[in-house]
Amino acid sequence: MNTGHKVRKFGIFAALPLAIFLVVLVLPFAQGFFLTFTNWNGFKYTEFAGIQNYTKSFQDDAFWTTLWFTLKFVIVSLVAVNVVAFGLALLVTAKLRSATILRTFFFVPNLIGGVVLGVIWQFIFNTALISISQRYSLPFFQESWLNETNTAFWALIIVTVWQSSGYMMIIYITGLISIEQDVLEAARVDGASAFRTLMAIKIPLMAQAFTISLFLTLRNGFMAYDVNVALTGGGPYRTTELISMHIFQDAFAFGNFGTGQSKAVLMFLMVATAALVQVSISKRLEVQR
Amino acid sequence: MKSQGRTFRKIVFAVGSVLSFAYVMPFVLVFLNAFKPKFDILENPLSWPKQLDWTNFQQAMEKMNFFRSLTNSVIITVISVSALIVFSSMLAFYLARTKTKFSKVTFLILVASMIVPFQALMIPFMSIFAQFVSLNNRAALVFFYIGFGVALSTFLYHGFISKIPMDLDEAAAMDGANDLTIFWKIMFPMLRPVTATVAIVNALWIWNDFLLPRLVLTQETQTLPLSTYLFYGQYSTEYGQAMAGLLLAVLPIIVFYLILQRQFISGISTGAVK
């Protein structure tokens, strides 16, 4: 292949997509990182500010509230979504005649965008459940769960599990199906109980599915925005703001572009670290089997 | 032994039924209340509507500008997804077939970029781009979707193309076919399973995306998710209308899913395992 041909091939196949990728993703990323070290106000900057934006971010009490809330949300949703999703996958692969219909039911919430989900569930928590529990005198939902920080947290978890467990279920189903029948047959002949088979054979043999699903739920947890905005809107009193929404508010509602972007850079570092740690741990477990 | 298996099955079936009921309940509520006037909803959200009342739907359609929003969503999704298919399959072909340091590094950068959250880009994004171009148009949005989506799609294609033997393209090149012919006539048809995955994963994301259109678009160019946000704010007490609006907003994607169910499921599982 001569040079002219190489250049032409690059021009035809790669130049345009790479240029768009550069303009849309790489440049704003680099620019955003650079701007956190200036006194940028959203339009221009006049001088360098060192790490001032970062120190200011850490002095912001609301940011700490958000960080703890986000951390709690990421951990709880990670566990809840994966436990439920794995359970659903076992259920759907249990050779029921209704398996396909069940799978559809579990998956459908996933087709719907976070805002629509948020609005539906807001109606459920604020109106439907209250009216139902008053009618039948149930104790749990007399007051809207969205009015109080603690219950609003669980409302966010419920909706997140409802929305994303179906997707993770598909990943686990793929893992479960990929296990060879011979192995399961051998375990059955040896008289292994269903629980034993699950723990000693199925789970180790589908470790890759866990790696993927944990990675996705981790990332989704940190990046959750739509459901947060549409379900709690950060209320009451900004106590249920996840980091994504906090950054949005800081920059676009309060005009703090410098700290907003610094927090976004910190968020990126958190996601990247958490993802790397999780994937390397999971990979090690995968190899060990 | 046999009867034990049967009881076990019955239990599994019961658990499955209860759970699936919990999963569809929110949709049932939306459906039931979309046909009711406000008073009936407040009285009992679980009751069957007294009559088939379409007023909520009419009003919701008007407020959401339903057909315009639907058209915008369809146009934006279809163009973005098609562009992503063409661009990323070609890019992946280039990166997988030219074994240079440049293509290796480029591929690594693409993969690494997938953990960059959109939130880390949106602020510079808005203030930088807004200075040069008017962002409020669908073309700009499509452009952004290509930029954000190209990494994952290229990654998916790359994995598949790497498994196709090089002999194939070499044989075609011997016969005098040029690069474009090799790609479109020989390679691309073989990529069909990945193309389905790429199409479905991206279509779901773009169709439902809220944050980016919220930053970029205004009223006339708004997409369906943006139009439903109306029901969150000022109309939040018009429950019936909101429910009708939500039903209208989710109907297209659910119908689409039910038609292409098999492709959806296999698309997601191949996409995830890669």
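Author: What follows begins with the pocket and then turns to chain B. The model is a predicted one, and in it the second largest pocket holds about 1,800 Å³ of space. Of the 40 residues that line this pocket, those closest to its centre are A:Ala94, A:Lys95, A:Ala194, A:Lys202 and B:Phe8. At least two lining residues come from each of α3 (61-92), α6 (149-178), α7 (181-189) and α8 (194-205) of chain A, and likewise from α1 (2-34) of chain B; the helix that gives the most is α1(B), with 13 residues. By residue class, the lining of the second largest pocket divides into 22 nonpolar, 9 polar and 9 charged residues.

Turning to chain B itself, there are 14 helices and 0 strands in this chain, and its C-alpha atoms fill a box of roughly 75 × 70 × 35 Å along the principal axes. The radius of gyration of chain B is 24 Å, whereas a compact globule of 274 residues would have one near 19 Å.

Within chain B, helix α4 (residues 66-97) and helix α7 (residues 138-161) pack with their axes 6 Å apart and at an angle of about 40°, and α4(B) and α7(B) are therefore oblique to each other. The crossing of α4(B) past α7(B) is right-handed, and the residues of the contact between α4(B) and α7(B) comprise 19 nonpolar, 8 polar and 2 charged.

Methods:
Residues are numbered from 1 along each chain as its sequence is written. Chains are lettered from A and ligands numbered from 1 in the order in which they are written. This is a predicted model: local features need pLDDT of at least 70, side-chain atom pairs count only at pLDDT 80 or more; totals for chains, interfaces and linings use all residues. Side-chain values use heavy atoms; hydrogens and water are left out. On a 1 Å grid over the protein atoms alone, a cavity is a set of points where a 1.4 Å probe fits but cannot get out, and a pocket is an open set with protein on both sides within 12 Å along at least five of seven lines; lining residues have an atom within 4 Å of a point. Grid points are joined across faces, edges and corners, and a volume is the space filled by probe spheres set on the points. Helices (H or I, at least four residues) and strands (E, at least two) are DSSP runs, numbered from the N terminus. Ala, Val, Leu, Ile, Met, Phe, Trp, Tyr, Cys and Pro count as nonpolar, Asp, Glu, Lys and Arg as charged, and the others, Gly among them, as polar. Axes are lines fitted to C-alpha atoms, for helices over the stretch in contact, and angles run from 0 to 180 degrees between N-to-C directions. Angles under 35 degrees count as roughly parallel, over 145 as roughly antiparallel, 65 to 115 as roughly perpendicular and the rest as oblique. A crossing is left-handed if the near helix is turned anticlockwise from the far one by less than a right angle, and right-handed if clockwise. The radius of gyration is taken over C-alpha atoms; the globule rule is 2.2 Å times the number of residues to the power 0.38.
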